[in-house]
Amino acid sequence: MSAAEALRLKRAYLLPCVHHFYRDPPLIVAADDCELLDSTGRRYFDFFSGVTVVNAGHCNGEIVAAAGAQMGRLDHTTGIYLTEPVLRLAERLSQIAPGGLKRSFFCASGSEANEAALLLAAIHTGRGDFIAFSDSLHGRTKAAMSATGLAMWRCDPALLANFHFAPHGGEPGALDALEALVARVGPRRIAALIAEPVLGNGGIVIPPPDYWPAVRGLCDRHGILLIFDEVQTGMNRTGRWWACEHWNASPDILTTAKALGNGYPVAAVIATDRVGEGFTRPFASTFGGNPVAAAAALATIDFHVRHGLGQRSRERGAQLLQRLRELAAEVGLARPRGLGLMVAADVVGCGGEPDPQRLDGLLEALKDRGFLCGKTGRNRNVLTLMPPLTLSAGQIERFGVALREAHAAARDE
Ligand SMILES: Cc1ncc(COP(=O)(O)O)c(C=O)c1O
């Protein structure tokens, strides 16, 4: 199939809500570690990782072998029978989860995990209201979308009214505004506060060091649960298993998906014993805890440990951020920032205003030089770099060269 034929089928048979990057999108046919291959034989470095899914690299041989072996042995039962991989995965997650989180519920996507986390918080507290944050993204199901702050991801015309929004933790005065909101809603009505420790789709916003510990304290004072959505930030993306570890602030409930299965759909809600043990009414997800998904997740966690992906994320992330800082003035990027291999910078105009058109031009020019990068932020002007954590130092240097060339080409266009 050619890219033109793929585009024709997409336009004819997919709902038009499924958008793609690039004027002439490549048709991706294969992948290996940090590289993608298109239908014309062209190779690209993947600097977005399927939005931070393939943290352990594309088509990782060890993970594929574990999932393949499990698929040939037992591929599906659903949770009404006992199977071993899901129980081993639950035990393994309790060992790497922050702050003594222990009990898991498995499902198939980040949206589903956040939906379940909000439900668990409502059941545990008997309360019905939630606090969420501006510029957040928690998913596309009803409650998860209602908790989402980013306007572009709130397409449902009838979202739930029991979600109240505070400015995110990177905004000046965020903590005071949050305290005022909690007081206005009434702390005894609030079941939980749901947050990404580092805003992903909202533009890679890293709150200051005292922010999450202060929010944790606020929740504790009012008996409000803290849910950290680590769907994007988890699995060593920021250089630790979970981004919240950078702040030493543990949630009552954590959600993970995306990189947990390194491309295989698996997601989990992990709660403390105290919060989890009261959820005794029947609840389920047909694909949750699927043996193949669980085997893929177990192999993914093993791969992260054996190959030191946390440390690689920290080291390569520091190198990539340093390179971005060195090039920022020359290539017209503002506020380079990052945590591990979650790295970004703003594309702005002469007066400092967001310039999404220039970012689009830069992304096209980077693609033409073999680098597929990301775009995030409220104004869609944040160049976002989240390559697989297996990336080499040499690949980062090649990215630096491509960025300079792409800037010059986009400027001259
Ligand atoms: C932080 C965060 N939470 C939740 C989601 C939703 O996950 P999924 O697309 O797997 O439903 C996403 C992904 O888009 C995300 O980035």
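**Close-up views of the domain interface and the ligand site**

**View 1. Salt bridges across the domain boundary.** In this predicted model, two salt bridges are counted between domain 1 and domain 2. In a salt bridge of the model, the side chains of glutamate 171 and arginine 378 come together with an N to O distance of 3.2 Å. On the side of domain 1 that touches domain 2, the residues comprise ten nonpolar, twelve polar and five charged.

View 2. The protein chain is split into domain 1, covering 61-306, and domain 2, covering 308-413, and their C-alpha centres are 27 Å apart. Contact between the domains involves 27 residues of domain 1 and 23 residues of domain 2. Together the domains bury about 1800 Å², of which 60% lies on carbon and sulfur atoms. Of the area that domain 1 buries against domain 2, 34% is supplied by Ile204, Ile206 and Arg237, more than by any other three residues.

**View 3. Surroundings of the ligand.** The ligand is surrounded by 13 residues, the closest being Gly110, Ser111, Arg140, Asp229 and Gln232. An N or O atom in the side chain of serine 111 is 2.6 Å from an oxygen atom of the ligand, while a polar side-chain atom of glutamine 232 lies 2.8 Å from a ligand oxygen atom. For aspartate 229, a polar side-chain atom is placed 2.7 Å from a nitrogen atom of the ligand. Of the 390 Å² of accessible area that the ligand has on its own, the protein covers 87%.

Terms used:
Residues are numbered from 1 along each chain as its sequence is written. This is a predicted model: local features need pLDDT of at least 70, side-chain atom pairs count only at pLDDT 80 or more; totals for chains, interfaces and linings use all residues. Side-chain values use heavy atoms; hydrogens and water are left out. Domain bounds come from an automatic or database domain assignment. Contact means heavy atoms within 4.5 Å. Buried area is the accessible area (1.4 Å probe) that two parts lose on being put together, summed over both. A salt bridge is a side-chain nitrogen of Lys or Arg within 4 Å of a carboxyl oxygen of Asp or Glu. Ala, Val, Leu, Ile, Met, Phe, Trp, Tyr, Cys and Pro count as nonpolar, Asp, Glu, Lys and Arg as charged, and the others, Gly among them, as polar. A residue is near a molecule or strand if one of its heavy atoms lies within 4 Å of it. A polar contact is a pair of N or O atoms within 3.5 Å; within protein, one must be able to donate a hydrogen and the other to accept it, and residues adjacent in sequence count only if both atoms are side-chain atoms. Accessible areas come from the Shrake-Rupley method with a 1.4 Å probe; for residues, only the protein chains shown count as cover.
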